[in-house]
Amino acid sequence: MKKIYLICAAGLSTSMMVEKMKKAASKDGFECMIQAVGIPMAESIMPSADCILLGPQIRFEKENICKIAGDVPVAVIDMKDYGRMNGEAVIQQAKKLMEDR
């Protein structure tokens, strides 16, 4: 089972995105665990992560997160998809990141 983590600042909107992504993954038959965590927890989740997605509001943290993540793929969620809570698009983004790994 793939583990996808969304890293955010506060967590409210990212938690909503997690729910949209879970619905999209279920509909697609894609088994995965999706969880939102704050920046302070980022380092602790890296060893078990298959993919890290950042909320667009913390895109400035990407370089730091990439250093911590090592070979775990990291990307920023597209602002349009995030604003529209497009879980299907974000799940596809995560799948592509894990494919390219």
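I'll start with Met85, which is in the loop between helix H4 (79–83) and H5. Helices here are DSSP runs of H or I with at least four residues, strands are runs of E with at least two, and both are numbered from the N terminus. Met85 is not a glycine, yet has a positive phi of about 55 degrees. Most residues other than glycine have a negative phi. Met85 has 17% relative accessibility and therefore counts as buried; the cut-offs are under 20% relative accessible area for buried, over 50% for exposed, and partly exposed in between, with a 1.4 Å probe and protein chains only.

Some notes on the source. This is a predicted model, in which local features need pLDDT of at least 70 and side-chain atom pairs count only at pLDDT 80 or more, while totals for chains, interfaces and linings use all residues. Residues are numbered from 1 along each chain as its sequence is written, and side-chain values use heavy atoms, with hydrogens and water left out.

Now the sheet. Four strands form an open sheet in the order S2-S1-S3-S4, with parallel pairing; a pair requires at least two DSSP bridges between the strands. The edges are strand S2 (32–38) and strand S4 (74–76), each with a single partner strand, so one side of each has no neighbour in the sheet. From one strand to the next, the twist averages 25 degrees. Axes are lines fitted to C-alpha atoms, for helices over the stretch in contact, and angles run from 0 to 180 degrees between N-to-C directions.

Strand S1 (residues 2–8) is joined to S2 by seven bridges, the two running parallel. Within that pairing, Leu6 has Ala36 as its bridge partner in S2, and Cys8 stands opposite Gly38 in S2. S1 also pairs with S3, again in the parallel sense, over four bridges, and Ile7 has Leu54 as its bridge partner in S3. Five of the seven residues of S1 are buried, so the strand is largely enclosed by the rest of the structure.

Which helices lie across the sheet strands? Helix H3 (residues 62–69) lies across S1, strand S3 (51–54) and S4, at about 160 degrees to S4. Helix H5 (residues 87–99) lies across S1, S2, S3 and S4, at about 135 degrees to S3.

Next, the cores. A nonpolar core is a set of buried Ala, Val, Leu, Ile, Met, Phe, Trp, Tyr and Cys residues joined through side-chain atoms within 4.5 Å. The largest has 20 residues, of which Ile4, Leu6, Met21, Ile34, Leu53 and Ile91 touch the most other members. S1, helix H1 (12–28), S2, S3 and H5 each supply at least two of its residues, and H5 gives the most, with five. Leaving out residues up to four places away in sequence, Leu53 touches Ile4, Met21, Val90 and Leu97, among others; contact means heavy atoms within 4.5 Å. A second, separate core of 15 residues includes Leu54, Ile65, Ala69 and Val72.

One ring is worth a mention. Lys95 lies over the face of Phe30, at 4.9 Å from the ring centre; the criterion is NZ of Lys or CZ of Arg within 6 Å of the ring centre and within 35 degrees of the ring normal.

Last, Ser48, in the loop between helix H2 (42–45) and S3. Is Ser48 buried, exposed or partly exposed? Ser48 is partly exposed, at 30% relative accessible area. Beyond its neighbours within four places in sequence, Ser48 is in contact with Lys3 and Tyr5.
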